[in-house]
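Please view the sequence and structure below before reading the points.

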Amino acid sequence: MGLNPHGSRPWRYGTQAYSAYFGSVAAGSPLAILDTAASWTSHYPPLPAGTRVAVHGLNAQELAANGAATEVAVGDLNKDPTLPYTDGEFDVVTNAASIAYLTRPRELFAEVQRVLKPGHVQDTCTTGPRHVP
């Protein structure tokens, strides 16, 4: 994706990248997207009708306020990085600026690969190289 032109605001860069990618894959069937370590705000651009947006995070109230979410799962990925989804459910899995807070990122990445459809995309956005575990 190249360098982040927004410095400490990776979510803005992520939104631009998401717009380009989602537009390129949305031509077929509706997208299924999972946002890991989600919160009250979405980093996604406007999405096509019928897009499934599953959000997984710590705080039920914050997740309920996420306007992009079509479904919510509450859980602590530090305690249990297992995702409550079946194999190959999602076209895209994202983690925007939260990877540095995870204590078991490799286990989460393995879970992400499990829930992704074969050949589809995981996107992890950080605030800088010093924050990557």
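E107 is partly exposed, with 40% of relative accessible area. This residue pairs with R104 in a salt bridge whose closest N and O atoms lie 2.7 Å apart, and R104 is itself partly exposed at 29%. The model is predicted, and a search of the whole structure finds six salt bridges.

**Salt-bridge network**
- A network of salt bridges links R52, E71 and E89.
- E89 and R52 form a salt bridge at 2.7 Å, N to O; E89 sits in the loop between β3 and β4 (90-96), 37 residues from R52.
- The relative accessible area of E89 is 19%, and the cut-off for buried is under 20%, so E89 is buried.
- R52 is partly exposed at 22%, as is E71 at 27%.

**Helix α3**
- In helix α3 (residues 105-115), the buried residues are P105, L108, E111, V112 and V115.
- These residues lie on the same side of α3 because they cover an arc of only 115 degrees around the axis.

**Loop between β1 and β2**
- L47 lies in the loop between β1 (32-36) and β2 (52-57) and is partly exposed, at 24% relative accessible area.
- The C-alpha atoms of L47 and L31 are 8.8 Å apart, with the two residues 16 apart along the chain.

**Confidence**
- The mean pLDDT of the protein chain is 78, and 67% of the residues score at least 70.
- Confidence is lowest in helix α1 (residues 10-25), with a mean of 58, and highest in strand β3 (residues 71-74), at 96.
- Residues 1-13 have pLDDT below 50, and this stretch has 19 contacts beyond near neighbours in sequence.

Note on methods. Residues are numbered from 1 along each chain as its sequence is written. This is a predicted model: local features need pLDDT of at least 70, side-chain atom pairs count only at pLDDT 80 or more; totals for chains, interfaces and linings use all residues. Side-chain values use heavy atoms; hydrogens and water are left out. Buried means under 20% relative accessible area, exposed over 50%, partly exposed in between (1.4 Å probe, protein chains only). Helices (H or I, at least four residues) and strands (E, at least two) are DSSP runs, numbered from the N terminus. The arc is that of the directions from the helix axis to the C-beta atoms. pLDDT is the predictor's confidence in each residue, from 0 to 100. Contact means heavy atoms within 4.5 Å. A salt bridge is a side-chain nitrogen of Lys or Arg within 4 Å of a carboxyl oxygen of Asp or Glu.
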